[in-house]
Amino acid sequence: MEYFARHISVKSIVMNILMFFLFVTLLATIWGPDFRLPLRPNPRVTSAPMRCCELYNSAGGMKVRKAILTAVLCTAFLPLTLFSQSKLTPADADKFVRDAETRIDDLTVKANRAEWVAENFITDDTQEITSEAGEIANGEATAFAKKTIQFEKLQLPPELSRKLLLLKLAAIAPSNPKDLAELTRVQNSMGADYGKGKYCPKTGKHAGECLDITKIEHIMETSTDPDELKDLWIGWHAVGAPMRDRYARFVVLSNQGAREMGWADTGTYWRAGYDMTPDQFSAELERLWQQVRPLYVSLHTYVRNQLVKKYGPQAVQNGMIRADLLGNPWAQEWGNIFPLVAPPTQHPQLDLTAILKDKKVDEKGMVHYAENFFKSLGFAPLPETFWERSLFLKPADRDVICHASAWDIDNKDDLRLKTCLQVRAEDFVTVHHELGHNFYQRAYKNQPPLFENGANDGFHEAIGDTIALSITPEYLKQVGLISEVPQQDDVALLLRQALDKVAFLPFGLLIDQWRWKVFNGEIKPADYEKSWVQMREHYQGVFPPVARTEADFDPGAKFHVPGNVPYTRYFLARILQFQFYRAMCKEAGFTGPLHQCSFYNNKAAGAKLAAMLEMGQSKPWPEELKTLTGEEKMDATAILDYFAPLQKWLDEQNKGQQSGWQEAK
């Protein structure tokens, strides 16, 4: 009522009341028993004198004409009523935004708490609770988003205009409560199916066991048995098949919500959140991909040739690599197969997993190392509640969603980490990545609620990985994990890094390229699996170990698809982390080969980083990027600088070999 009152002045109210009484009086007169309209004679009765009882307008015709006159009066009075209302002002927009921020902030906290419980205790009840909380939060956020349209023609201060844009981008959901409830439940049910997913082999060394994704990842990172790898790949990907029809329904409902907001489809809505048009953003992604693609193709060619030496011709098809042989269930990062493709060297690589175990570093200890890196840059320690409320290990007594995630429950200081850590090099890097989210979340906590986010979602993903690039042998010595920096073979070190960082790039791009085509209707439900396989061939140059059919739904075997988490952010993060890293090394005064830089304990670099993080989403991302790097465009040349020695070596190794691959027709 308060918001309504701001739009209607006392004078307007009085005018509306007077017009209402006048309107009612006229209607009463028109429909009264004594009211007659001047009427023309019935053309079929021409010989008799004209009398009222003999007119063409009998009682029924009179009612028709009265109804027409009533409609005319309504049409005339409506614009007068609207005109009498005062026009919207910038003050109205400001009040609307402040009210929306307060309400959305409150609902987000409640939804966060419900979702935290649901992901840590997967039951039908917790699914229902989080569905209801999410439904309320999404419904109200969508309602606020739709109301922003009324202010679009106002001349507003830049900060207020930005808040309205971000509010419009806050959520999409169908306005029909029944459809909204269905959308929420479909999405939550797919996420729960993923979290509860298991594969129970009937033969082999794991016969009789039921393996969740954590155990499957652990086996696939070390196994070199091609039959076992194929079996595990098939077994895990089966988790997606039951989601297929629900996902198609989810697409319909999600698109319905997007179109109600004026977006062409959900994919267009996702691409609209990058301070440029959706088409411009698509072009930007293609530009970045073309910058790094030659490096990826060189790496792919080398790895393919090495795997043929290990597994024979079964590893390759038309120049593509069999997906299950690359060290994890999705072939998204290849670092685990480094022992199979490592170059001959007189200087063995540091085995960080072995170092951590030798030093008796436990799972929580790895998190402390990551926290200490941020502290060395000048950031305050994490709150005590972080250590009390986080989940670091998979519970023995229940299913949880193990996918690592960083949480800011109350949008202020209730920071948490949820993951199922193992003492290994991969998870050592993961905790640095996830704590990057947590320190970013706390850095912008004093911004208004609509600015409590990363400059774009790629920024949020990049921060922790920027820190992880500083996990160099010199850093390991500084923190006491090794006593001396051993002599290193730079090519081997860079190859190990590239197997994760560079190999990931096409995977980081293709997931949303597939979904955007699903959302816009270019990919139909009948072609979900075929198009997925084709896109993996196109971008990654990999093929499945067994033929796939439309009974399969391999996208559902990757958390972010059933979880409806946009994935392009991870591609952007791979680009941005090297750009951030190069800038911070420069700020730290480092002048050697880029890959040898560590800015651990450098307060100047930390201050530059903090200045960008504290901005949250208050400015367009190019401005925030410039705060740290001095550059206004995302630039993949930092990756090329970092891996320049490796690129030269790969070119030498690949001489005389056919590069690239041929996609299946």
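Student: What volume does the second largest pocket have?

Tutor: A pocket is, on a 1 Å grid over the protein atoms alone, an open set of points where a 1.4 Å probe fits, with protein on both sides within 12 Å along at least five of seven lines. A volume is the space filled by probe spheres set on the points, which are joined across faces, edges and corners. In this predicted model, the second largest pocket has a volume of about 260 Å³. Its 15 lining residues, those with an atom within 4 Å of a point, include Val 533 and Glu 537, which are among the closest to its centre.

Student: Is Thr 142 buried or exposed?

Tutor: Buried means under 20% relative accessible area, exposed over 50%, and partly exposed in between (1.4 Å probe, protein chains only). Thr 142 counts as buried because its relative accessibility is 3%.

Student: Which residues does Thr 142 touch?

Tutor: Contact means heavy atoms within 4.5 Å. Not counting residues up to four places away in sequence, Thr 142 touches Ala 171, Ile 172, Ala 173 and Met 261. The C-alpha atoms of Thr 142 and Met 261 are separated by 8.5 Å, although these residues lie 119 residues apart along the chain.

Student: What is the phi of Asn 318?

Tutor: Asn 318 is not a glycine, yet its phi is positive, at about 55 degrees. With 45% relative accessibility, Asn 318 counts as partly exposed.

Terms used: Residues numbered from 1 in each chain as written. Predicted model: local features only at pLDDT ≥ 70, side-chain atom pairs only at ≥ 80, totals over all residues. Heavy atoms only, no water.
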